[in-house]
Amino acid sequence: MEKIILTGDRPTGRLHLGHYVGSLKRRVELQNSGEYDKIFIMIADAQALTDNADNPEKVRQNIVEVALDYLSVGLDPEKSTLFIQSMVPELTELTFYYANLVTVSRLQRNPTVKSEIQMRNFETSIPVGFFTYPISQAADITAFKATTVPVGEDQMPMLEQCQEIVHKFNATYGEALVEPKILLPSNSACLRLPGTDGKAKMSKSLGNCIYLSDGPDEVKKKVMSMYTDPGHVDLNQPGKIEGNAVFTYLDAFSKDEDFAEFWPDYKNLQEAKDHYQRGGLGDVKVKKFLIKVLEKELAPIRERRKKWEQDIPGVYEILKAGSEVAERTAAETLADVKKAMKINYFDDGALIKEQMEKYSNKK
Ligand code: TRP
């Protein structure tokens, strides 16, 4: 069986370090591993509209931002198909048929939907499109016969819901859909990068993100004002590592070589942590190291972004060509689905014959 990846992001803002460690970096590794037959990376504009119905301009503006972020981290249109969700109308059609296989109460129990409803204060006025987006996400995944969906742990309930839809479909209509597997980030620090303010998650609305497109000065400013251990006022006092965002970022980004290169006082992160916990190591030194570590990762990304920013028509061309490939692929799956569901009236010679015979007996 072919190994196929499908994943994507909502275009509601520029991508940040949380996206990078949580998914983008891994995608590039998977792309370059040569282990996958096909890789589809989707800009989920239709899904973004499910809770931004009144702000299409935001979605429109962020398509190119997300595409630039993709290209700048090293997603390569020669190896991965980059496309826009709404340019593949087959996905909407699949969603409509899958919706028959899902109950309202099952959607209400989806933990991601539940928490998003709370976060967005929808209360009793939940848009139907938003409420049913797990079904549309199942269409995204199955349309490409994806075997592997690399996403963050927050997407686990979406994958479970998708697997249920696949089982239900195949049991009801015959095996037409492929069951996908989730691929979670490997390094535990990468599961969720906290915001620069120490809050659980980077989020645009909290203003605690470091963006892939931030310049060196912005990165420096953001790191220098990062949340550490609020009890660590005197550098000679012991400091706490747990909940200290600077150390969490170092867990996610720093390597032993970085110590040799930028901070030879320590062999590795554990030594620096030990010193911090004993007392005698100040936040500023740790932050300065973190800035260097981040810069090493971000500088080449920034360079590539600058190049693509000079070729915006080229970026749209890539998305257009990718969307055409994606549509052809999804059309094949939709044909399989319609055949399984017996709604392929005009392609089914046997059906026409059967109906003919029914009436020829009446003569
Ligand atoms: N829900 C994902 C997000 O919020 C985006 C997405 C849409 C997606 N369809 C998908 C991810 C299919 C993986 C597979 O970022």
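Me: Where is Lys-342 found in this structure?
Reply: In the loop between helix H15 (312-340) and helix H16 (349-360). Keep in mind that the model is predicted.

Me: What is the phi of Lys-342?
Reply: Lys-342 has a positive phi of about 65 degrees, and it is not a glycine.

Me: Is Lys-342 buried or exposed?
Reply: Read the relative accessible area. Exposed means over 50%. Lys-342 has 67%, so it is exposed.

Me: Where does Asn-121 lie?
Reply: Asn-121 sits in a loop too, between helix H6 (111-119) and helix H7 (128-131). Its phi is near 55 degrees, again positive in a residue other than glycine. Asn-121 counts as exposed because its relative accessibility is 56%.

Me: Now the whole fold. How many helices and strands are there in the protein?
Reply: The protein has 16 helices and five strands. Its C-alpha atoms fill a box of roughly 100 × 45 × 40 Å along the principal axes. Of its 363 residues, 50% count as buried.

Me: On to the ligand. Which residues around the ligand come nearest?
Reply: There are 14 residues around the ligand, and the nearest are Arg-10, Gln-47, Gln-137, Asp-140 and Gln-155.

Me: How do I read a polar contact there?
Reply: Look for N or O atoms within 3.5 Å of each other. Arg-10 places a polar side-chain atom 3.2 Å from an oxygen atom of the ligand. Gln-47 has a polar side-chain atom 2.8 Å from a ligand nitrogen atom. An N or O atom in the side chain of Asp-140 is also 2.8 Å from a nitrogen atom of the ligand.

Me: How much of the ligand's accessible area does the protein cover?
Reply: On its own the ligand has 360 Å² of accessible area, and the protein covers 90% of it.

Me: Which elements give two or more residues to the shell around the ligand?
Reply: Strand S1 (4-9) and helix H8 (133-143). S1 gives the most, with four residues. By class, the shell holds six nonpolar, five polar and three charged residues.

Me: How do I describe a pair of aromatic rings?
Reply: A search of the whole structure finds 14 aromatic pairs. Take Tyr-20 and Phe-253. Their ring centres are 6.5 Å apart and their planes lie at 5 degrees, so this pair is stacked. The pair links distant parts of the chain: Tyr-20 is in helix H1 (residues 17-33) and Phe-253 in helix H11 (residues 245-253), 233 residues apart. Both Tyr-20 and Phe-253 are buried.

Me: Why is the pair of Phe-169 and Tyr-173 tilted?
Reply: Because the planes stand at 55 degrees, with the ring centres 4.8 Å apart. Stacked needs under 30 degrees and edge-to-face over 60. Phe-169 and Tyr-173 both lie in helix H9 (residues 156-173), four residues apart, about one turn of the helix. Phe-169 is buried at 1% relative accessibility. Tyr-173 is partly exposed at 26%.

Me: Which residues do ring pairs link into a cluster?
Reply: Phe-259, Trp-263, Tyr-266 and Phe-289.

Me: What sits over the ring of Tyr-36?
Reply: The charged end of Lys-3, at 4.9 Å from the ring centre. Arg-14 is another case to look at: it lies over the face of Tyr-211, 4.2 Å from the centre of that ring.

Methods: Residues numbered from 1 in each chain as written. Predicted model: local features only at pLDDT ≥ 70, side-chain atom pairs only at ≥ 80, totals over all residues. Heavy atoms only, no water. Near = heavy atom within 4 Å. Polar contact = N/O pair within 3.5 Å; in protein donor to acceptor, adjacent residues only side chain to side chain. Areas by Shrake-Rupley, 256 points an atom, 1.4 Å probe, with all protein chains shown as cover. Nonpolar A, V, L, I, M, F, W, Y, C, P; charged D, E, K, R; others polar. Phe/Tyr/Trp six-rings, centres within 6.5 Å; stacked < 30°, edge-to-face > 60°. Buried < 20%, exposed > 50% of the residue type's maximum accessible area, 1.4 Å probe, protein only. Lys NZ or Arg CZ within 6 Å of the ring centre and 35° of its normal.
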